[in-house]
Amino acid sequence: MGCVLKSKNDWREVVQRVVKSEMSMRGVKYQGLSERLAAIGVVQSADNLRNKINKGIMGADLLLQVLYVLNARPLNTETLQAVLDDFESGQ
């Protein structure tokens, strides 16, 4: 694996990019994400989600819930490596 991320902040940026990419692919804004989460019993305001996602800081449970309600593509090593490659190239 060619991963050179060195800090927590680097990994938080990856979390942010993964979630925002999935939201963008589906045309989902923060309010819509909040509503989708509410449909499965998870109460998170749009503002709270925006803060957590922009900082890349959320618990594993919320990350999985977000990916679930977005019907996200599988998060495998190839998908993660593509995000890491983009991050490392400064995109």
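Mentor: Accessible areas come from the Shrake-Rupley method with a 1.4 Å probe. On that basis the protein chain exposes about 5700 Å², and carbon and sulfur atoms supply 53% of this area. Please bear in mind that this is a predicted model.

Trainee: How do you know what confidence the predictor assigns to the protein chain?

Mentor: The pLDDT is the predictor's confidence in each residue, from 0 to 100. The protein chain averages 89, and 91% of the residues score at least 70. Among its elements, helix 2 (residues 30-39) has the highest mean pLDDT, 98, whereas helix 5 (residues 77-88) has the lowest, 80.

Trainee: What makes up the pattern of the protein chain, read along the sequence?

Mentor: The pattern is α-α-α-α-α. The protein chain contains five helices and zero strands.

Trainee: How are the charges of the protein chain placed on average?

Mentor: There are 12 positive and 10 negative charges, and their mean positions are 6 Å apart.

Trainee: What share of the residues of the protein chain count as buried?

Mentor: The share is 31% of the 91 residues. In helix 4 (residues 60-69), the buried residues are L62, V66, L67 and V69. Their cover includes helix 1 (8-26), helix 2 and helix 3 (46-55).

Trainee: Why is L49 called buried?

Mentor: Buried means under 20% relative accessible area. L49 has a relative accessibility of 1%, and therefore counts as buried. This residue lies in helix 3.

Trainee: Which residues does L49 touch, not counting those up to four places away in sequence?

Mentor: L49 touches Y30, L33, S34, L37, Q44 and L62.

Trainee: Is S34 buried or exposed?

Mentor: The relative accessible area of S34 is 11%, so S34 is buried by the cut-off of under 20%. S34 lies in helix 2. Leaving aside neighbours within four places in sequence, S34 is in contact with Q44, S45, A46 and L49.

Trainee: Where does Q44 lie, and why does Q44 count as buried?

Mentor: Q44 lies in the loop between helix 2 and helix 3. Its relative accessibility is 14%, and the cut-off for buried is under 20%; Q44 therefore counts as buried.

Trainee: How do you know that Q44 and S34 are in contact?

Mentor: Contact means heavy atoms within 4.5 Å, and S34 has Q44 among its contacts. The separation of their C-alpha atoms is another quantity: 5.7 Å, for residues 10 apart along the chain. Not counting residues up to four places away in sequence, Q44 also touches L37, L49, K52 and L62.

Trainee: What makes R50 partly exposed?

Mentor: Buried requires under 20% and exposed requires over 50%, with partly exposed in between. R50 has 32% relative accessibility, and so counts as partly exposed. R50 is placed in helix 3. R50 and M25 are 25 residues apart in sequence, and their C-alpha atoms are 17 Å apart in space.

Trainee: Why is N71 called exposed?

Mentor: Exposed means over 50% relative accessible area. N71 has 62%, and is therefore exposed. N71 lies in the loop between helix 4 and helix 5.

Trainee: What phi does N71 take?

Mentor: N71 has a positive phi of about 50 degrees, although N71 is not a glycine. This residue comes just after helix 4.

Technical notes
Residues are numbered from 1 along each chain as its sequence is written. This is a predicted model: local features need pLDDT of at least 70, side-chain atom pairs count only at pLDDT 80 or more; totals for chains, interfaces and linings use all residues. Side-chain values use heavy atoms; hydrogens and water are left out. Helices (H or I, at least four residues) and strands (E, at least two) are DSSP runs, numbered from the N terminus. Buried means under 20% relative accessible area, exposed over 50%, partly exposed in between (1.4 Å probe, protein chains only). Lys and Arg count as positive and Asp and Glu as negative; His and the chain ends are not counted. The place of a charge is taken as NZ of Lys, CZ of Arg, CG of Asp or CD of Glu.
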